Amino acid sequence: MEKHIENFLNKVSLVFITIATITLLYLYLHTPETCIPPNTPITKPHLKFPSSTCDPSLNRPYIDPDKKRLKLWSSKSWLSQVSSFTTFFQSSNILNNKTKVLCVSAGAGHEVMALKNMGVSDVTGVEIVDSLPLVKRADPNNLPFFDGVFDLAFSAHLVEALFPLRFAGEMERTVRNGGVCMVVVEECGGEEVDAIAGLFRKSMFVGAENVTLIGMRMTRIIMRVGVSSSL
């Protein structure tokens, strides 16, 4: 009796193994149909499982990064913002072609391109997320540069920093003695300007003025690192 049961179980196991093998072969050789609309008039591609028409690589055409970048740089929005930054920097009267500039929290790099277009050859843009070739990845609160290597540090995002005092301190640290820290913030005056200037503990306040940047009314604040002279 026990021998009979053992033979029966062996036959059942063999049947299940055969079914499993056939199922795996079917899945391996056929494209899954779960993601193909039933009325789609297409011929299934000869793909190996698990590739299917659901695979993103089949539905998303490859876009060359250089072409994508050039398309962005030629857009009306991009050109408008670069032009606005160009006007902004030209009105500051503190730059020349040999000025070494650091743009902190430079985003996609509008200000970096504006400076380069003006003829400033030594411009470095940094941001938490890089946007090459204009902006490199770096922590604004822990900049990877030696002390005093730049003539000018600029940022349009100081007030958005998680640690504003640290942010301002890193800008100061990387600017040479006598160099400039320049920030632009939402239009303000009086005590608000004093509070922002107070973040730059190793610099002297030079001045603040209202400006227009990328279509918004803003205030430009300029600090001279380590000295009390005005621009």
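I started with Glu170, which is buried at 4% relative accessibility (buried means under 20% relative accessible area, exposed over 50%, partly exposed in between, with a 1.4 Å probe and protein chains only).

Before going on, I noted that this is a predicted model, where local features need pLDDT of at least 70, side-chain atom pairs count only at pLDDT 80 or more, and totals for chains, interfaces and linings use all residues. Residues are numbered from 1 along each chain as its sequence is written, and side-chain values use heavy atoms, with hydrogens and water left out.

**Entry: around Arg173**

I looked for the partner of Glu170 and found a salt bridge to Arg173, at 2.9 Å from N to O. My rule for a salt bridge was a side-chain nitrogen of Lys or Arg within 4 Å of a carboxyl oxygen of Asp or Glu. Glu170 and Arg173 sit three residues apart in helix H6, so about one helical turn separates them. For helices (H or I, at least four residues) and strands (E, at least two) I used DSSP runs, numbered from the N terminus.

Next I checked Arg173 itself, and it came out partly exposed at 24% relative accessibility. Arg173 also forms a salt bridge with Asp147, where the closest N and O atoms are 2.8 Å apart. Asp147 is in the loop between strand S3 (135–137) and strand S4 (150–155), while Arg173 is in helix H6 (residues 164–174), so this pair ties together parts that are 26 residues apart in sequence. I put Asp147 down as exposed, at 56% relative accessibility.

**Entry: a pair between strands**

I then turned to Arg220, which makes a salt bridge with Glu209, with 2.7 Å between the closest N and O atoms. This one links distant parts of the chain, 11 residues apart: Arg220 is in strand S7 (residues 216–225) and Glu209 in strand S6 (residues 203–213). Arg220 is buried at 2% relative accessible area, and Glu209 is partly exposed at 40%.

Going back over shared partners, I saw that salt bridges join Asp147, Glu170 and Arg173 into one network. By the rule above, I count six salt bridges.

Most residues other than glycine have a negative phi, and most peptide bonds are trans. I looked up some exceptions.

Leu132 and Pro133 are joined by a cis peptide bond, with omega about 5°. Pro133 lies in the loop between strand S2 (123–127) and S3.

Asn93 has a positive phi, near 60°. I found Asn93 in the loop between helix H4 (76–90) and strand S1 (101–104), exposed at 70% relative accessibility.

Ser105 has a positive phi too, of about 55°. Ser105 is in the loop between S1 and helix H5 (110–117), and I noted it as buried, at 9% relative accessible area.
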